[in-house]
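Subject: The structure I promised you

Hi,

Here is the structure we talked about, so please open it next to this email. After it you'll find my notes on what turned up.

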Amino acid sequence: ALAYATKLGNILQGYGATVLLGRTGDYYKSLASRVQEANNWGADLYVSCHENAYGDPAANGSEVLFVSVSGNQLAVSSVNELSAGLGTTNRGAKYQDDYEVVYSDMTAVICEPGFITNAGNAGFMNNEVGLRNQAQCLANGIVKYCA
């Protein structure tokens, strides 16, 4: 997830956005500290990049989690771009009261482009082309939301 999040940040910066990453390396950082940093920055959007996992290897597809009305709009735009661009099942924008989307002062989503536990989905998570594609698809969804 960190690899595609970093690529996403670079793509969005290329579009002129100011991007502040919650993590720049592979280390633990609590959800509370990530959200507090974003709130302190006065960010307009909070996009948390994840990869889904489930015990059933047949589980697959893209989904984006939200809690607010504006989060729903960003989630719909993002999941549509992810599923179309990655060729995954569109699992939709889903209301879920996870910490990051509840306690962020700005529009916030949690992006799950695919399931690392699904061989087909994992194929685009484990190589540079696939990671770049995930990032570009998500960037497209964010840009459409902001337009």
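Let's start with A43, which touches A38 and M106 once residues up to four places away in sequence are not counted; contact here means heavy atoms within 4.5 Å. You'll find A43 in the loop between α2 and β1. The helices (H or I, at least four residues) and strands (E, at least two) are DSSP runs, numbered from the N terminus. At 24% relative accessibility, A43 counts as partly exposed, because buried means under 20% relative accessible area, exposed over 50%, and partly exposed in between (1.4 Å probe, protein chains only). A43 and D26 are 17 residues apart along the chain, and their C-alpha atoms are separated by 23 Å.

Before you go further: this is a predicted model, so local features need pLDDT of at least 70 and side-chain atom pairs count only at pLDDT 80 or more, while totals for chains, interfaces and linings use all residues. Residues are numbered from 1 along each chain as its sequence is written, and side-chain values use heavy atoms, with hydrogens and water left out.

Now the helices. Helix α1 covers residues 2-14, and its 13 residues should span 18 Å at 1.5 Å a residue. The expected span is 1.5 Å times one less than the number of residues in the helix. Which residues of α1 are buried? They are Y4, A5, K7, L8, G9, I11 and L12. Their cover includes β1 (45-49), β4 (107-112) and α6 (128-146). After α1 comes G16, with a positive phi near 100°.

Helix α3 (residues 69-86) is where E81 lies. With 18 residues, α3 should span 26 Å, and its end C-alpha atoms are 25 Å apart, which agrees. The buried residues of α3 are G71, L74, A75, S77, S78, V79, E81, L82, S83 and L86, and these pack against β1, β2 (62-66), β3 (90-95), β4 and α6. Just after α3, G87 takes a positive phi of about 75°.

Is E81 buried or exposed? At 17% relative accessibility, E81 counts as buried. Leaving aside its neighbours within four places in sequence, E81 is in contact with C137, N140, G141 and K144.

That brings us to α6, which has 19 residues and reaches 27 Å from its first C-alpha to its last, close to the 27 Å expected. Its buried residues are G130, L131, Q134, A135, C137, L138, A139, G141 and I142. What covers them includes α1, β1, α3 and β4.

Have a look at L138 in this helix. L138 is buried, with a relative accessible area of 0%. Beyond its neighbours within four places in sequence, L138 is in contact with Y4, L8, V47, C49, S78, L82 and C111. In sequence L138 and E81 are 57 residues apart, yet in space they are 6.5 Å apart, C-alpha to C-alpha.

Two of those contacts of L138 are cysteines, C49 and C111. How many disulfides are there in the whole structure? The search finds 0, where a disulfide is a pair of cysteine sulfur atoms within 2.5 Å. C49 is in no disulfide, and the nearest cysteine sulfur, that of C111, is 5.8 Å away. C111 is likewise in no disulfide, its nearest cysteine sulfur being that of C49. Both are buried: C49 has a relative accessible area of 16%, and C111 has 0%.

Last, the empty space. Rolling a probe the size of a water molecule over the atoms shows where empty space is left. On a 1 Å grid over the protein atoms alone, a pocket is an open set of points where a 1.4 Å probe fits, with protein on both sides within 12 Å along at least five of seven lines, and lining residues have an atom within 4 Å of a point. The largest pocket is lined by 33 residues, of which V19, L20, L45, Y46 and V47 lie nearest its centre. α1 gives the largest share of that lining, 6 residues, and α1, α2 (31-41), β1 and α6 each supply at least two.

Cheers
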